[in-house]
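Me: I would like to learn how to read salt bridges and helix packing in a model. Please take me through one case of each.

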Amino acid sequence: EADQILAAQGVMQSASKTCIWSNHPDAAAAAVCFANATGLSAPCVACFHDLFSCAFTTCATECPGKDTPACQPCIADKCEPTFIQCSGISDDSQDNG
């Protein structure tokens, strides 16, 4: 699928970080930014919207701003399992850059 090819090319990691922090705490705006930056399908972008929303709500204390130490572990623990189930995309299919 085209979304999996984009994941393998690594376009999502940097777009995710850029869009999530430039639109914090608006998950809908972050998802629009992300869709425009990546060209992913609407169903895949919906999974990212849910991920962003989780980060902004469930991990609000741990993620008050960019690159706080507790932010990524919170998202990984509390948000990514649902995201992976929704999208089928795991950290293994993305680049780390």
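Reply: We take the charged pair, then a pair of helices, in this predicted model.

Me: How many salt bridges does the structure hold, and what is the idea behind such a pair?

Reply: Side chains of opposite charge can pair when their charged atoms come close. Here there is one salt bridge. The partners are Lys-78 and Glu-62, with 4.0 Å between the closest N and O atoms. This pair links distant parts of the chain, 16 residues apart. Lys-78 belongs to helix α5 (residues 71-78), while Glu-62 sits in the loop between α4 (42-57) and α5.

Me: Are Lys-78 and Glu-62 buried, exposed or partly exposed?

Reply: Partly exposed covers the range between the under 20% of buried and the over 50% of exposed. Lys-78 has 43% relative accessibility and so counts as partly exposed. Glu-62 has 23%, so it is also classed as partly exposed.

Me: Now the helices. How are α2 and α4 oriented to each other?

Reply: Two packed helices are described by the angle between their axes and the distance between the axes. For helix α2 (residues 11-22) and α4, the axes come within 12 Å and cross at roughly 50 degrees. The two are therefore oblique to each other. Their crossing is right-handed.

Me: Which residues meet where α2 and α4 are in contact?

Reply: From α2 come Met-12, Ser-16 and Ile-20; from α4 come Phe-48, Phe-52, Ala-55 and Phe-56. By class, this contact has six nonpolar residues, one polar residue and no charged ones.

Key:
Residues numbered from 1 in each chain as written. Predicted model: local features only at pLDDT ≥ 70, side-chain atom pairs only at ≥ 80, totals over all residues. Heavy atoms only, no water. Salt bridge = Lys/Arg side-chain N within 4 Å of Asp/Glu carboxyl O. Helix = DSSP H or I, 4+ residues; strand = E, 2+ residues; numbered from the N terminus. Buried < 20%, exposed > 50% of the residue type's maximum accessible area, 1.4 Å probe, protein only. Axes fitted to C-alpha atoms, helices over the stretch in contact; angles between N-to-C directions. Parallel < 35°, antiparallel > 145°, perpendicular 65-115°, else oblique. Left-handed = near helix turned anticlockwise from the far one by under 90°. Contact = heavy atoms within 4.5 Å. Nonpolar A, V, L, I, M, F, W, Y, C, P; charged D, E, K, R; others polar.
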